[in-house]
Amino acid sequence: MTKPLSLNEIRQRAAGLALAWRDAEGYERGEAQSFLRDLLQVYGVTESRAAVYERRVKRASTDAAGYIDALIPGLLLVEMKSAGKDLVEAEQQALDYLPRLAEVELPRWVLTSDFRTFRLLDLHARTDDAVTTFTLDELPAQADRLAFIAGYGTRSFGSAEQERASIKAAQIMAGLWEELEGSGYSDHEASIFLVRTLFALYADDAGVWPRGLFYEFIETRTATDGHDLGSQLSFLYQVMARPAHARQRNLDELTASFPYVNGGIFEEPLSIPSFDTAMRTRLIEACLFDWSAISPAIFGSLFQAVKNRQARRELGEHYTTETNIMKVLGPMFLDELRQRFADAANDERKLRRLRDDMSKMRFLDPACGCGNFLVVAYREMRALDLAVLQRLQELGARGAAPTLYFNVDDLPVRLAHFHGIELEEWPARIAATALHLVEHQANQAMELSLGHAPELLPLDKVESIIVGNALRMQWSEVLTPTDDTYVLGNPPFIGMALMSTEQQEDNRLVFAEVDSAGLRTGRLDYVACWYAKAMAYTRTTRSAQIAFVSTNSLTQGEQARTMLPLLARNGFAVDFGHQTFRWTSEAPGAAAVHCIIVGFSPQFRTRRRPRLFTYPTLQSDPIEQSVRRLNFYLTDGPDVVPEKLTRPASPAMPNAHKGSQPTDGGGLIVTEEEYPLVLADPQAARYLRRFVQGQDMLQGSPARWCLWLRDAEPRDLRNSPVLRERLASVRRSRETSPTASVREYAERPARFTQDRQPPEPFFALPEVSSSVRRWVPGRFFTPDVVAGNKLIIFPGALPHHAALLQSSMFMAWVSVFAGRLKSDISISPALAYFPIPWPTLNDAAQARLSEAWAHVEGERAEHPGSTLADLYSPDAMPSNLLTAHADLDTAVDAAFGLRRRRPTQSDRLALLLDRVAAGTSDMLTIAKAASRTRR
């Protein structure tokens with residue numbers, strides 16, 4: 001069986017080529033094809049269909065017929081000229097062919113040569129480093145410049161180029177899946193068959209075996225109508241499952257040249273699928289694509305989606321970017337390892353110790369999906385180890401000949417160190433395959449850099465990806481926890497109200513494994529179950545680390561009030577955090593989610609400086625903020641859990657509650673269309689009042705009224721046809737209500753079921769407001785306006801109270817302790833208002849705040865045609881109103897004693913939490929670590 005070429009062998013062949021062609025005449029017509037065949041053979045490309053010679057194609061500029069001297073589809077186009085000819089002109093001729101090639105044939109590289117000089121153009125590179133030139137005599141030393149021909153990747157991980165290639169690759173696989181699906185092949189067998197085909201396609205381009213071997217097999221061993229495609233592929237996959245000594249002796253030369261793969265990919269016997277011309281055409285198109293360019297992490301998450309019809313239509317729109325994955329890996333362990341490498345750059349002993357410490361690290365993703373977190377973690381660890389080895393060789397070369405500082409068969413970072421648990425078989429298979437692909441890419445990088453790398457084949461079977469319900473398993477049976485264990489990932493985003501019966505049982509089981517007595521764990525989102533399971537798993541260690549991507553609701557409102565004491569009580573503390581940012585789900589069609597990342601570990605671990613990453617906008621890049629401490633709210637502040645209160649903690653602040661609720665079936669509410677009819681009734685008209693709910697206040701229209709009949713005269717109720725009809729409607733509606741208290745009010749149809757209308761002027765906030773607004777806009781109302789139950793009202797509030805409630809200080813508290821309706825802020829006074837430690841204000845301070853509020857009101861009045869929703873839209877807020885709010889914030893911050901220039905919301909929240917921590921015991925519960933010492 002032919003093996004892929006090593007770089008040393010490529011260099012030896014390149015030296016032979018340079019010697020053989022040094023004295024050639026260099027005629028384009030007579031010698032070009034011979035030269036090209038010899039050049040490509042240097043890199044293992046033989047007479048197979050991997051390269052197409054003299055490909056006929058029209059020039060885009062003239063439509064005239066031309067010939068491409070050599071084309072490796074999806075990778076390389078070569079144009080030869082006679083000795084001494086202009087290679088820039090030859091390059092332009094080559095580029096003129098590109099628009100007429102099929103998309104899958106478009107190359108990344110264009111090589112031009114006049115037998116003496118090579119000019120290499122990278123079409124994906126930046127302009128300043130896109131072109132490389134070298135001579136024929138320099139080819140042996142520059143052989144790695146063309147190593148991509150043999151399958152050695154030259155890629156920038158996480159780049160837009162890899163993203164584009166991965167999306168295209170997934171779309172190709174989706175087409176293959178559709179053909180498999182249409183053939184009636186079983187779902188399980190089709191999944192395995194597709195994974196095997198993926199590996200073969202990748203191996204064909206990435207140097208796992210000689211380039212184009214699989215393509216040649218499809219072209220020469222299967223009929224054009226595809227009737228034998230399934231049987232021939234099944235036979236080939238059986239061959240690759242057996243070592244050479246166990247194969248049939250009469251295999252043809254091409255089939256026998258495929259290597260023994262093992263690794264479990266070709267292990268399970270399958271029935272033979274039945275295919276046709278369409279499937280063969282799809283597969284040949286797939287062979288023309290350059291599979292070596294994909295990112296296993298990105299491609300894996302896309303590949304997971306190809307079995308879903310809706311997902312296939314949206315491939316490329318939703319996947320987990322490597323940038324987001326690195327938000328977990330960087331602060332969790334990579335940044336520290338890289339810093340150690342930088343600090344030890346000139347110390348051979350420290351570099352060796354770093355490699356030794358890396359060999360002890362073990363990784364577990366207990367909701368691994370297609371394995372993208374594990375894939376990127378493995379890749380980055382291998383890249384760091386390679387950098388260490390390069391530096392060790394450099395240090396060795398200073399005083400003596402270079403020394404190989406490692407055994408290729410004893411690397412400190414191995415696939416067996418990376419473990420995953422996945423609920424479904426399909427993504428688990430993808431995870432195992434993706435790990436094989438990224439291992440091959442890491443080995444290629446090592447071969448390119450050091451000239452040596454571990455043998456890829458036969459593959460070791462990936463047995464560290466386990467299929468099952470992670471919440472019903474003992475993780476210690478998958479991976480024994482140690483001080484060097486790292487638990488990480490992106491568990492499912494399922495809200496508490498959306499959990500299935502089975503998931504609710506998962507919740508009960510996992511929280512029974514930790515100290516959660518008295519905490520409302522049943523009200524937590526599903527992702528919290530992984531926190532509990534991880535704590536139970538690592539509690540016997542002193543320094544294991546955990547980091548999960550989670551929905552931001554976990555660090556807000558009621559859920560944070562459970563999670564903070566849960567971690568503290570079980571002896572864990574937060575190490576790093578990413579505040580809310582926009583994360584796109586892996587599942588195509590899924591909505592973008594507002595996420596956070598929480599990294600935490602046992603408190604016994606030697607504490608590192610906590611790290612906090614903030615985001616100016618949901619789509620911004622993270623900014624690291626210096627903090628002294630870090631709590632579960634992901635802010636610099638103490639671990640305090642404010643208690644729900646029934647009155648303001650500060651006596652000088654007004655009470656707050658919801659407005660009145662009609663529960664009337666529409667009988668007491670009057671719309672714009674109904675208003676003229678009701679107004680025409682003299683008795684009914686006496687009781688019309690403006691009725692305002694949250695959206696009415698924010699949007700301004702449509703206007704609504706209500707019949708406010710609290711003190712209505714009985715004769716008016718009896719004599720008014722409009723009132724009689726509407727009250728009868730209210731009675732009928734309430735009589736059929738499933739709620740007993742509402743049915744009781746059927747006897748009092750003239751009254752709201754909840755009457756909380758104040759007799760004095762009041763300030764109001766909408767109960768629900770968009771999270772994109774910097775402030776929840778509020779305003780004053782006179783008592784003749786009836787506030788609905790979707791308003792939070794503050795009876796008797798004064799202008800300086802309004803200033804406090806319209807400040808960024810208030811929003812700093814609300815953003816953490818208010819509830820959430822989807823991603824919108826939902827205000828409940830018990831937690832989002834009453835516990836706030838407002839300052840005591842003297843007359844002068846009250847006057848300054850009242851003046852600042854008047855300024856805001858004045859700027860609003862300058863735009864009489866705009867609603868509050870208009871005025872507080874992030875993209876439409878008038879600059880003068882923004883300035884007025886900034887002035888108001890300055891006055892409020894000063895009243896709190898916050899003198900910092902340009903304070904952040906984290907600064908404000910830290911101040912508030914410090915004030916709460918210093919307050920009275922009836923205002924808070926300070927979360928403390930468990931008093932007992934853990935064994």
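## Surface and overall dimensions

The accessible surface of the protein amounts to about 39200 Å², and carbon and sulfur atoms account for 48% of that area. These values were computed on a predicted model. Taken along the principal axes, the box filled by the C-alpha atoms is roughly 115 × 65 × 55 Å.

The protein has 935 residues, of which 56% are buried. Among contacts between residues at least 6 apart in sequence, 74% join residues at least 24 apart. The secondary structure consists of 32 helices and 28 strands.

## A three-stranded antiparallel sheet

An open sheet is formed by three strands in the order β22-β27-β26, with antiparallel pairing. Its edge strands are β22 (768-769) and β26 (819-821), each of which pairs on one side only.

The pairing of β26 with β27 (residues 824-826) is antiparallel and extends over three bridges. In this pair, Gly-819 stands opposite Ser-826 of β27.

## The second largest pocket

Rolling a probe the size of a water molecule over the atoms shows where empty space is left. The second largest pocket holds about 1300 Å³ of space. Its lining comprises 40 residues, and those closest to the centre of the pocket are Gln-579, Tyr-615, Pro-616, Ser-815 and Gln-905. Two or more lining residues come from each of the following elements: strands β12 (572-583), β13 (593-602) and β15 (623-625), and helices α27 (808-817) and α32 (905-917).

Helix α27 provides the largest share of this lining, with five residues. By residue class, the lining of the second largest pocket divides into 16 nonpolar, 18 polar and six charged residues.

Terms used:
Residues are numbered from 1 along each chain as its sequence is written. This is a predicted model: local features need pLDDT of at least 70, side-chain atom pairs count only at pLDDT 80 or more; totals for chains, interfaces and linings use all residues. Side-chain values use heavy atoms; hydrogens and water are left out. On a 1 Å grid over the protein atoms alone, a cavity is a set of points where a 1.4 Å probe fits but cannot get out, and a pocket is an open set with protein on both sides within 12 Å along at least five of seven lines; lining residues have an atom within 4 Å of a point. Grid points are joined across faces, edges and corners, and a volume is the space filled by probe spheres set on the points. Helices (H or I, at least four residues) and strands (E, at least two) are DSSP runs, numbered from the N terminus. Ala, Val, Leu, Ile, Met, Phe, Trp, Tyr, Cys and Pro count as nonpolar, Asp, Glu, Lys and Arg as charged, and the others, Gly among them, as polar. Buried means under 20% relative accessible area, exposed over 50%, partly exposed in between (1.4 Å probe, protein chains only). Contact means heavy atoms within 4.5 Å. Accessible areas come from the Shrake-Rupley method with a 1.4 Å probe; for residues, only the protein chains shown count as cover. Two strands pair if DSSP finds at least two bridges between them.
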